[in-house]
Amino acid sequence: MYSEKVMDHFSNPRNVGEIENADGVGQVGNAKCGDIMKIYLKVENDIIVDAKFKTFGCGAAIATSSMATELVKGKTIDEALKLTNKAVMEALDGLPPVKVHCSVLAEEAIAAAIQNYYDTHGIDKKVAKSCGHCDSCGCEH
């Protein structure tokens with residue numbers, strides 16, 4: 001059902017925790033879905049030098065949060081904005097169809113943290129990310 005990589009990132013998640021004085025913080029999810037992700041970013045010279053997460057949810061939600069933070073560390077803000085849920089799933093060697101929404105949440109959490117970074121640093125940009133998944137799972141994130 002789950003790949004070895006998913007199980008590894010669930011059992012040994014990378015980048016768990018908070019970043020004090022984070023440059024960007026994004027939280028997505030909905031208690032109705034059962035998954036809530038909070039991503040913290042530290043940015044220096046437009047590069048994400050650190051990323052951490054706190055996730056309340058299933059094993060797939062924890063694994064996708066872990067992988068998403070790994071994928072954006074060392075990237076520019078623009079590169080991180082190109083992170084897709086498909087890239088997260090591919091990096092984890094796939095997810096069961098019923099857990100695809102977890103990778104969508106990871107993508108959205110990164111985007112929300114970047115939007116927060118823009119907003120708190122006076123950068124007049126809008127991040128436009130929409131999962132298009134909400135109709136199928138019934139959540140309202």
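Colleague: Leaving aside its neighbours within four places in sequence, which residues is Asn85 in contact with?
Modeller: This is a predicted model, in which local features need pLDDT of at least 70, side-chain atom pairs count only at pLDDT 80 or more, and totals for chains, interfaces and linings use all residues. Residues are numbered from 1 along each chain as its sequence is written, and side-chain values use heavy atoms, with hydrogens and water left out. Contact means heavy atoms within 4.5 Å, and once the neighbours within four places in sequence are set aside, Asn85 is in contact with Val100, Ser103, Val104 and Glu107.

Colleague: Is Asn85 buried or exposed?
Modeller: Asn85 lies in helix H4, residues 85–91, where helices (H or I, at least four residues) and strands (E, at least two) are DSSP runs numbered from the N terminus. With a 1.4 Å probe and protein chains only, buried means under 20% relative accessible area, exposed over 50%, and partly exposed in between. The relative accessible area of Asn85 is 14%, so this residue is buried.

Colleague: With which side chain does the side chain of Asn85 make a polar contact?
Modeller: A polar contact is a pair of N or O atoms within 3.5 Å; within protein, one must be able to donate a hydrogen and the other to accept it, and residues adjacent in sequence count only if both atoms are side-chain atoms. For Asn85 the distance is 3.3 Å, and the partner is the side chain of Ser103.

Colleague: Why are H2 and H5 oblique to each other?
Modeller: Axes are lines fitted to C-alpha atoms, for helices over the stretch in contact, and angles run from 0 to 180 degrees between N-to-C directions. Angles under 35 degrees count as roughly parallel, over 145 as roughly antiparallel, 65 to 115 as roughly perpendicular and the rest as oblique. H2 and H5 are therefore oblique to each other, since the axes of H2 (residues 59–72) and H5 (residues 100–120) come within 9 Å and cross at roughly 40°.

Colleague: At roughly what angle do the axes of H1 and H2 cross?
Modeller: H1 covers residues 4–11, and its axis comes within 8 Å of that of H2. H1 is roughly perpendicular to H2, because the crossing angle is roughly 90°.

Colleague: Which residues does Ser66 touch, not counting residues up to four places away in sequence?
Modeller: Ser66 is found in helix H2, and at 0% relative accessibility it counts as buried. Beyond the residues up to four places away in sequence, Ser66 touches His9, Pro13, Arg14, Asn15 and Phe53.

Colleague: How many Å from a polar atom of the side chain of Ser66 does the backbone nitrogen of Arg14 lie?
Modeller: Arg14 is one of the residues that Ser66 touches. Between the backbone nitrogen of Arg14 and a polar atom of the Ser66 side chain, the distance is 2.9 Å.

Colleague: Is Asn45 buried or exposed?
Modeller: Asn45 has its place in the loop between strand S2 (35–44) and strand S3 (47–56), and its phi is near 50°, a positive value in a residue other than glycine. Its relative accessible area is 78%, so Asn45 is exposed.

Colleague: What is the phi of Asp93 near?
Modeller: Asp93 is placed in the loop between H4 and H5, and at 51% relative accessibility it counts as exposed. Its phi is a positive value in a residue other than glycine, near 60°.
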